[in-house]
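Welcome! Here is a short tour of one protein model, written for someone meeting it today.

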Amino acid sequence: MSSPTSHRRVLQLGLWVCGLLVWAGCSSNGLPSDAAAVDGTVTIDGAVVDDAVVTFRSDSGFAAVGKTNKEGRYSLSSASIPGGTQPGHFQVTVVKREPLTEAPLTEEDPNYNPNQGRTRPSSRKHLLPEKYSRPTTSDLTADIEAGNNTVDFELTQ
C-alpha cells in the first residue's frame, strides 16, 4: 500500500523532470534554446515608421522578416523558426513603399485590350530613403545572440 507521502514524492519528481525538459528544450519565449527572438523599433529622424518591412539576412542566406506597426515596433519571424531567427551576424534592410495601385493600360502597352479594361500595377515610390532597401547600401547590421534581443534602428533622411 502506498502512502500519501510516496504519491507526493512521485508528483514532485514528475514536475521536476517536466521542468527540466522544458528548460532544456525551449527558452522562456517559446523558441528553441538555440534560437533568437528579435524585436525593436524603427524611427526616421525621430518619428516612428509604420508599415515598413524589416529584413535580416545572414551571409549564409538565412532571412527573417518583420513588419512595423503603428508604434514602429517589429518582431522577426522566419520560415524555419516562426517567431524568431537564428543567432548570427545580419545585414538589415528597411523598406516602405507607397500602397499598390493600378494604372489603366494605354493603347501603347502590348497587353492593352479595349474590351477587358485591364490595368497594370504602377511603380511604387519608396517612402524611406532608398539606400535602406538594399543590404549593400543600408549600413544597417545586427549581431543576434540566442535568447531575447532588442534591435532599434534610427534612420535619417
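## Before we start

Contact, or touching, means heavy atoms within 4.5 Å. This is a predicted model, in which local features need pLDDT of at least 70 and side-chain atom pairs count only at pLDDT 80 or more, while totals for chains, interfaces and linings use all residues. Residues are numbered from 1 along each chain as its sequence is written, and side-chain values use heavy atoms, with hydrogens and water left out.

## A residue in β3

Let's begin with S58, which sits in strand β3 (strands are DSSP runs of E, at least two residues, numbered from the N terminus). S58 counts as buried because its relative accessibility is 15%, and buried means under 20% relative accessible area (1.4 Å probe, protein chains only). Leaving aside residues up to four places away in sequence, S58 touches H89 and F90.

## The sheet

An open sheet is built from four strands, ordered β4-β3-β6-β9 with antiparallel pairing; two strands pair if DSSP finds at least two bridges between them. At the edges are β4 (63–67) and β9, each pairing on one side only. Between β3 and β4 there are five bridges, and F56 stands opposite A64 in β4.

## The core

The largest nonpolar core contains 27 residues, and F56, Y74, F153 and L155 have the most contacts inside it. Such a core is a set of buried Ala, Val, Leu, Ile, Met, Phe, Trp, Tyr and Cys residues joined through side-chain atoms within 4.5 Å. Strand β1 gives the largest share, five residues. Among the residues that F153 touches are V54, F56, Y74 and L140.

Methods:
Buried < 20%, exposed > 50% of the residue type's maximum accessible area, 1.4 Å probe, protein only.
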